[in-house]
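Q: Hey, I've got a protein to look at and I'm new to this. Can you walk me through it?

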Amino acid sequence: MDAFVARSLDEIRFWSRIMKEHSFFLGLGFRAEDTQLITEANQFHTIFEDIERRSHEFNIDTDPHTIKEFNTEVQNAATHIWAFKRMVLGLILQCKLPGQTNFPLLVDHISREANYFRNRLEELNSGKLEPLPDAIIDENVFFLKIMADHAKFIGHLLDPSERKLVEQAREFSNDFDTLMFQAIDLSHMRPQSQTVPLLSQFVDENRVSVKSLRDFKKTARDLIDECRIKSIIHPLLADHVFREAERFLFILDMFDQSLSGVKVNKKEIMH
Ligand SMILES: [Fe+2]
Ligand SMILES: [Fe+2]
């Protein structure tokens, strides 16, 4: 049962900070006259800031029932911010907020992250965690698209005169689009594609690319912090996408360890 508490707190600590920052980015992109939307974004900021603070007050010894209730409450907040983001996406796509500055793909992207968060909590509370081979494919399909989107946002928010960096961002975008399609191909070939050698090659290959994207984001973040490059990227957004790449790497490392465990067990069975 502590695994449940540890896993829940880990997800909530990471994603509540992310949701809080999304509220901030949404608020920045609205026009000055959109006071209602700005107020709503600020309310979500307060809600997730409070959730983040409370998640740090709990620890591994907290009663699992308390955590279960907390998960339900957070899942509810994640559902509400998801609905808000989708509503904003609708307004943007109907050209009802001309001049606002968040890309539709960014608003869709942050709604997918809210939905992911909501699903994680739902899975934890119902005790229905996906079997490893399914988790490996689904997490990769989700995160590879997230990484491909990040590369596109970076490429479009850098100043056009930063030609070399824009080119690098474009290369990452192409690389991750390709990896994402490969992941979808593997997903279509389920369950026959879920062999240990195929899954472990899949995880290894993705890990190499995520590491290099993570390093690129870290460099970009540092350059932005030091005011060494021209862009309209908020320093917090640069750090935000870096942390999401770190999260994906952490998940890939977990899969890698689980798969080598499977390999070891298999060898033992063969003996
Ligand atoms: Fe995000
Ligand atoms: Fe993201």
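This is a predicted model: local features need pLDDT of at least 70, side-chain atom pairs count only at pLDDT 80 or more; totals for chains, interfaces and linings use all residues.

Q: OK, how many helices and strands are in the protein chain?
A: Eight helices and zero strands. Those are DSSP runs numbered from the N terminus: H or I with at least four residues for helices, E with at least two for strands.

Q: And how much of the chain is buried?
A: Of its 271 residues, 32% count as buried, meaning 20 or more other C-beta atoms, placed from the backbone, lie within 10 Å of the residue's own.

Q: What does the C-alpha trace span?
A: About 70 × 50 × 35 Å along the principal axes.

Q: New topic: at what angle do α1 and α2 pack?
A: Helix α1 (residues 2–29) and helix α2 (residues 35–57) pack at about 160°, with their axes 8 Å apart. Axes are lines fitted to C-alpha atoms over the stretch in contact, and angles run from 0 to 180 degrees between N-to-C directions.

Q: So are they roughly parallel or antiparallel?
A: That angle makes α1 roughly antiparallel to α2 (the label for angles over 145 degrees).

Q: Which residues make the contact?
A: Among them are Leu 9, Ile 12 and Phe 24 of α1, and Ile 38, Phe 44 and Phe 48 of α2. Contact means C-beta atoms, placed from the backbone, within 7 Å.

Conventions: Residues are numbered from 1 along each chain as its sequence is written. Chains are lettered from A and ligands numbered from 1 in the order in which they are written. Angles under 35 degrees count as roughly parallel, over 145 as roughly antiparallel, 65 to 115 as roughly perpendicular and the rest as oblique. Two residues are in contact if their C-beta atoms, placed from the backbone, lie within 7 Å. A residue is buried if 20 or more other C-beta atoms lie within 10 Å of its own, exposed if 12 or fewer, and partly exposed in between; C-beta atoms are placed from the backbone.
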